[in-house]
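Please read it beside the sequence and the structure.

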Amino acid sequence: MPLEFHIGALLNGVIYAVLGVVVLIVVLTVTNSVLEKLTPYDLKTEIIDKPEYSRGGAGGLAALGVAIIIAAALH
């Protein structure tokens, strides 16, 4: 049974991937600005200048959670 190549399926995958990345960037930008307003510290300063890796990990996990939600919504 030979495998068939469908250009439409490939284009669908590329379009949804690009759409997912664009939505992720927009949502993370909004989420980051809201987080900066709600917390008394600057997240970038805490991660770069001070060794606060737990806050960086929490930010990374929040980004991963948003990415999973967007992927599920687009799928």
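Val34 is found in helix α1; helices are DSSP runs of H or I with at least four residues, strands are runs of E with at least two, and both are numbered from the N terminus. The model is predicted: local features need pLDDT of at least 70, side-chain atom pairs count only at pLDDT 80 or more, and totals for chains, interfaces and linings use all residues. Residues are numbered from 1 along each chain as its sequence is written, and side-chain values use heavy atoms, with hydrogens and water left out.

Val34 has a relative accessible area of 43% and is therefore partly exposed. The classes are buried (under 20% relative accessible area), exposed (over 50%) and partly exposed (in between), with a 1.4 Å probe and protein chains only. Ala72 lies in helix α3, residues 53–74.

| Residue | Relative accessible area | Class |
|---|---|---|
| Leu10 | 41% | partly exposed |
| Gly20 | 14% | buried |
| Val27 | 30% | partly exposed |
| Val34 | 43% | partly exposed |
| Ala72 | 56% | exposed |

Val34 and Leu10 both belong to a nonpolar surface patch of about 1,200 Å². Patches are made of residues with over 30% relative accessible area and no salt bridge; like charges are joined within 9 Å, and nonpolar side chains (Val, Leu, Ile, Met, Phe, Trp, Tyr) within 5 Å. A salt bridge is a side-chain nitrogen of Lys or Arg within 4 Å of a carboxyl oxygen of Asp or Glu. Accessible areas come from the Shrake-Rupley method with a 1.4 Å probe.

The largest pocket has a volume of about 220 Å³. Which elements give two or more residues to the lining of this largest pocket? They are α1, α2 and α3, and α1 gives the most, with five residues. The lining consists of Leu28, Thr31, Asn32, Leu35, Glu36, Leu43, Lys44, Ile47, Gly59, Ala62 and Ala63. A pocket is an open set of points on a 1 Å grid, with protein on both sides within 12 Å along at least five of seven lines, where a 1.4 Å probe fits; lining residues have an atom within 4 Å of a point.

Some C-alpha separations give scale. Gly20 and Gly65, 45 residues apart in sequence, are 13 Å apart in space. Leu10 and Leu24 are 14 residues apart in sequence and 21 Å apart in space. For Val27 and Gly8, a sequence separation of 19 residues goes with 28 Å. Ala72 and Lys37 are 35 residues apart along the chain and separated by 28 Å.

Mean pLDDT, the predictor's confidence in each residue from 0 to 100, is 80 for the protein chain, and 95% of its residues reach 70 or more. Confidence is highest in helix α1 (residues 7–38), at a mean of 85, and lowest in helix α2 (residues 43–48), at 74.

Notes
Points joined across faces, edges and corners; volume = space filled by probe spheres on them.
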